[in-house]
Amino acid sequence: MKAIILKKAGGVEELSVEEIEKPIPSAKAVLIKTASVGINPIEIKTRKGNRFTEKLLADKPSILGWDLCGTVVEKGKEVKDFSLNDNVFGMINFPDFGKTYAEYVVAKPEDLVKLPQNLNKNEAGGIPLAALTAYQALKYEGKLTEKSRVLIHAAGGGVGHFGVQFAKHFGAEVIATASAEKSEFLKSLGVDKHVDYKKTNFEEEVANVDVVFDLIGGDYIDRSLKTLKKGGIIICIPTATNDGVEEKAAAKGCKGVAFKVKPTKKDLEEISILLKSEKVKPHISERYDFSEIKKAHQSIEKGNTKGKIVITF
Ligand SMILES: NC(=O)c1ccc[n+]([C@@H]2O[C@H](COP(=O)([O-])OP(=O)(O)OC[C@H]3O[C@@H](n4cnc5c(N)ncnc54)[C@H](OP(=O)(O)O)[C@@H]3O)[C@@H](O)[C@H]2O)c1
């Protein structure tokens with residue numbers, strides 16, 4: 001099978017398409033023929049070198065990727081939940097390695113949910129990691145209701161565009177930061193107020209929010225705390241830039257959470273119901289063939305992704 005191998009930490013030139021052995025599923029796992037895979041910033045960071053890189057390079061074949069949508073083509077003897085030819089999607093083997101940048105992927109049934117029929121399998125690989133992050137953060141930490149006012153940073157990107165839609169589904173008022181070029185997109189997602197962070201300091205335009213969903217971190221933590229009500233919560237997502245969020249928030253009489261997505265099947269099933277009813281829709285702005293992986297990585301690295309970028313096999 002074809003797989004995208006990470007040769008060593010570095011630039012996109014370290015990603016190469018190679019022919020390797022197809023993996024064999026255990027009695028408790030399935031083999032998926034990949035249709036699409038979402039590209040996430042964590043894979044860019046791992047390619048360049050972060051806390052995952054050394055471990056991945058030691059774990060041959062060194063293949064990036066956690067998101068997956070595809071078709072079950074083999075199943076272990078003990079697998080009851082899925083049949084051959086089922087289309088499925090999921091976040092695979094997180095936070096260990098999912099190795100989904102490959103033509104065939106082994107996955108545990110606990111990581112998979114059947115793909116709703118209205119979704120395109122060549123795009124749905126872009127959903128699981130970003131949607132699970134937004135759903136879990138806003139449902140369990142943000143506890144959004146129709147009384148909540150939420151500020152979502154980076155609302156036009158992968159996690160953000162799902163976050164806006166989940167927040168609207170929970171009935172919240174949504175204020176969103178993004179560049180001017182995403183204004184129409186945010187409106188189409190249901191955002192109540194868009195702040196162009198390049199033109200204005202958002203903390204001068206936004207006040208009295210109950211929840212901040214922060215996908216940027218760093219000085220956005222301090223600046224966002226100025227917009228929070230006393231007793232409010234800031235949920236900060238990027239692990240590399242969310243240091244100190246708990247203490248900083250506590251000093252202002254608020255709660256701070258450094259959040260990490262969890263591989264919870266029940267949450268993906270709930271997301272799947274929202275996708276099926278089209279209350280939530282994935283926006284896939286760019287689709288690349290797997291042989292164009294370098295272009296896909298370069299595109300997300302620019303830092304202005306709209307919705308999600310996927311590769312297809
Ligand atoms: N801890 C976890 O479990 C977890 C899970 C998922 C993601 N993450 C992290 O969360 C972050 C976001 O992920 P993602 O997948 O949504 O990224 P993404 O798809 O690359 O989107 C990033 C978005 O940020 C916007 N942006 C850039 N600078 C901004 C600024 N200063 N203010 C507001 N918006 C800005 C960009 O567009 P415009 O500039 O055009 O608006 C773009 O839409 C990444 O760091 C990722 O690694 C962590």
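## Helix packing

Contact here means heavy atoms within 4.5 Å, and helices (H or I, at least four residues) and strands (E, at least two) are DSSP runs numbered from the N terminus. The structure is a predicted model, in which local features need pLDDT of at least 70 and side-chain atom pairs count only at pLDDT 80 or more, while totals for chains, interfaces and linings use all residues. Residues are numbered from 1 along each chain as its sequence is written, and side-chain values use heavy atoms, with hydrogens and water left out.

On the α1 side, P41, E43, I44, R47 and K48 meet H297, I300 and E301 of α10. By class, this contact of α1 with α10 has three nonpolar, one polar and four charged residues (Ala, Val, Leu, Ile, Met, Phe, Trp, Tyr, Cys and Pro count as nonpolar, Asp, Glu, Lys and Arg as charged, and the others, Gly among them, as polar).

## Ligand surroundings

The ligand is surrounded by 27 residues, of which K45, S179, K182, Y197 and T305 are the closest; a residue counts as near if one of its heavy atoms lies within 4 Å.

## Backbone features

A cis peptide bond with omega of about -10 degrees joins K60 and P61, and P61 is in the loop between α2 (53-58) and β4 (67-75). Another cis peptide bond, with omega of about 5 degrees, joins F94 and P95, where P95 belongs to the loop between β5 (87-91) and β6 (104-107). N85, although not a glycine, has a positive phi of about 75 degrees, and N85 lies in the loop between β4 and β5.
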